[in-house]
Amino acid sequence: AVVADEEALHHQSPDERSQGEGKGGESVYEKFMMMMFDLVEGQLDTSKFEDECRMLLGTNSYELYTLEKVVEKLVLQVQHLTSDSSQQT
């Protein structure tokens, strides 16, 4: 069933994919944001995130992998800053 869903996504245009709804009536944007929050909170690993992005948006979702890496670095910097400031006080 997952393979059939992925093949159907690949045959859709990018506009159809971005306007479509995921399982449970969620928009693609809502699904992506849920995945991003799960990734930041550590509930989703990087490889699973990339797989889910490909299933959600097709092979052209590589921009999202880059975004994921930027968010990961941002979270690490914020953690570093908060730990530095808590040690100084």
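Buried residues, those under 20% relative accessible area with a 1.4 Å probe and protein chains only, make up 20% of the 89 residues in the chain. The structure is a predicted model, in which local features need pLDDT of at least 70 and side-chain atom pairs count only at pLDDT 80 or more, while totals for chains, interfaces and linings use all residues. Residues are numbered from 1 along each chain as its sequence is written, and side-chain values use heavy atoms, with hydrogens and water left out.

The chain holds five helices and zero strands; helices (H or I, at least four residues) and strands (E, at least two) are DSSP runs, numbered from the N terminus. From the N terminus on, the order of elements is α-α-α-α-α. Of the contacts (heavy atoms within 4.5 Å) with a separation of 6 or more, 39% are between residues 24 or more positions apart.

**Helix H3**

Helix H3 (28-40) has 13 residues and reaches 18 Å from its first C-alpha to its last, close to the 18 Å expected at 1.5 Å a residue. That expected span is 1.5 Å times one less than the number of residues. Val28, Phe32, Met35, Met36 and Leu39 are the buried residues of H3. Seen down the helix axis, these buried residues fall within an arc of 100°, so they line one face of H3; the arc is taken from the directions from the helix axis to the C-beta atoms. After H3 comes Gly42, with a positive phi near 85°.

**The second largest pocket**

Gly42 and Leu39 are also among the residues that line the second largest pocket. A pocket is an open set of points on a 1 Å grid over the protein atoms alone, with protein on both sides within 12 Å along at least five of seven lines, and its lining residues have an atom within 4 Å of a point. This pocket contains about 150 Å³ of space, the volume being that filled by probe spheres set on the grid points, which are joined across faces, edges and corners. H3 and H5 each supply at least two lining residues, and H5 gives the most, with six residues. The lining divides by residue class as follows.

| Class | Lining residues |
|---|---|
| Nonpolar (Ala, Val, Leu, Ile, Met, Phe, Trp, Tyr, Cys, Pro) | six residues |
| Polar (the others, Gly among them) | three residues |
| Charged (Asp, Glu, Lys, Arg) | two residues |

**Ser61**

Ser61 lies in the loop between helix H4 (46-57) and helix H5 (62-88). Ser61 is buried, with a relative accessible area of 2%. Not counting residues up to four places away in sequence, Ser61 touches Cys53 and Arg54.

Conventions: Buried means under 20% relative accessible area, exposed over 50%, partly exposed in between (1.4 Å probe, protein chains only). On a 1 Å grid over the protein atoms alone, a cavity is a set of points where a 1.4 Å probe fits but cannot get out, and a pocket is an open set with protein on both sides within 12 Å along at least five of seven lines; lining residues have an atom within 4 Å of a point.
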